[in-house]
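Please open the model in your viewer and keep the selection tool at hand.

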Amino acid sequence: MTATKPGPSGAVRGMTASGFSPRDHLQEAILPWWDSNGADDLHGGVMTCFSNAGVLQSTDKYTWSQGRWAWLCAEIGADARQGILEVDDEKWSRRAVQTAEFVRTHAVLEGGFTAFRTDRTGTALPSGPFGEVATSVFADLFAVLGFAGAAKVPGYPEPEKSQAAATADEILASALARIKSRNAMSAPYPVRSGFSDLAAPMTLLHAGSELFRSTGSPAARSAVSYALGQLLEGQGREPMLQETQWWEFRPDSAGDTGSLLARHRTPGHLLECLWMLIHSQEAVGGSASALPEWLPGLALRALELGWDQEHGGLFRYVDKDGGMPSGSLFRGDPYEDLVQSTWSTKLWWVHAEAMYATKLLARHYGGYGFEDWNSKVTDYTLATFPDPHRNEWTQIRDRQGAPLDKVVALPVKDPFHIARTAVFLNRLEKDDSHAAQ
């Protein structure tokens, strides 16, 4: 199955799902770009403030990205040690530890909070409207994710390694308490009072699962248990995920169910959440069979709602009934404005997550057509996002697939979703190869 329309300017012509090697793409196009442009081996961490065209705009470091980079570097190093990637495991493992230490020594604040951003050398910078430094529970949780990854690196010295693990527990417990009490700040995606968001429990699930996998932490196990309850059971309220629908923003009041905030959906987010559910079961010693039997049907619902029948690809946001998000408006809500202004964009992370989610779902749920969906999504993605000169991906596109010079979340070029997808897909390929022997 191939893309129905020619790729836009910048596409890698002829690369389709049938011939795609995640290992080669990671080693030849993704990691070399970050190696040369983003990795800050002098101070630790990664520089991410690039334009959509790859031009560095600032050396500020967002803790959100630093934590994710630490985790990613650790995973790449681990796969190199296993022999399923041909990269310098010592370099990538060193980067994981160096980045975790950058976050621990510069971005971690008292009380289990982190600075939302620092300058290149680690000085915390004000980011909130009143000069606040800590403005996002997501930055906190991604710091936990980074510590979780680095905790598995053999060369992480003591006592720093133990200090990082203890810091991860403290931040995770603080984030869990704030999410439970619904007073967590959530830049860059503010959640309006009277609504609960999907992003908080799913990010809590991912960070907690990875920390539990690394350290067996009781704090991590508690976070995973709470997140699963919110996602699948609701714990006294409607669960975020249900048999025929899911909430991106769940309203407290029935009177708000007709609002755009309540009606909008993020297909890529749902698909990312579903693979995280499968991974979380594996992390705590379970299996996908313990998850609700309706899960694959919900994945299909997301794919069908999100797919652009005219131009191909997945929309960033859609209405719960499909198409452009609709509903009553509160006016002046920044997230509401974001949904309206960017709903039809085609984003790197949505398509990277869909590539992996459909492949993993096909592995666990036969007979639903996920292999066909994987081919469809992968063909579109490879014809649209990768740069033809091996300069990583042009990550932000308009509905037709042309490059779009626009900030759609943080003003950064993301080092995480694409590489993580390639890492996970490569592992699936290696598993298949070993099973066939």
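Axes here are lines fitted to C-alpha atoms, for helices over the stretch in contact, and angles run from 0 to 180 degrees between N-to-C directions. Helices are DSSP runs (H or I, at least four residues), numbered from the N terminus. This is a predicted model, in which local features need pLDDT of at least 70 and side-chain atom pairs count only at pLDDT 80 or more, while totals for chains, interfaces and linings use all residues. Residues are numbered from 1 along each chain as its sequence is written, and side-chain values use heavy atoms, with hydrogens and water left out.

Select residues 137-150, helix α4, together with residues 199-215, helix α6: their axes lie 8 Å apart at an angle of about 20 degrees. The two are therefore roughly parallel to each other, a term for angles under 35 degrees, whereas those over 145 count as roughly antiparallel. Now show the side chains in contact (heavy atoms within 4.5 Å): on α4 they include F138, L141 and F142, and on α6 they include T203, L204 and H206. By class, this contact divides into eleven nonpolar residues, four polar and one charged.

Next, select α2 (residues 63-82) and α3 (residues 89-107), whose axes come within 7 Å and cross at roughly 155 degrees. That makes α2 roughly antiparallel to α3. Among the residues that meet there are W69, C73 and R81 of α2, and D89, W92 and R95 of α3. The contact of α2 with α3 has eleven nonpolar, six polar and three charged residues.

Conventions:
Parallel < 35°, antiparallel > 145°, perpendicular 65-115°, else oblique. Nonpolar A, V, L, I, M, F, W, Y, C, P; charged D, E, K, R; others polar.
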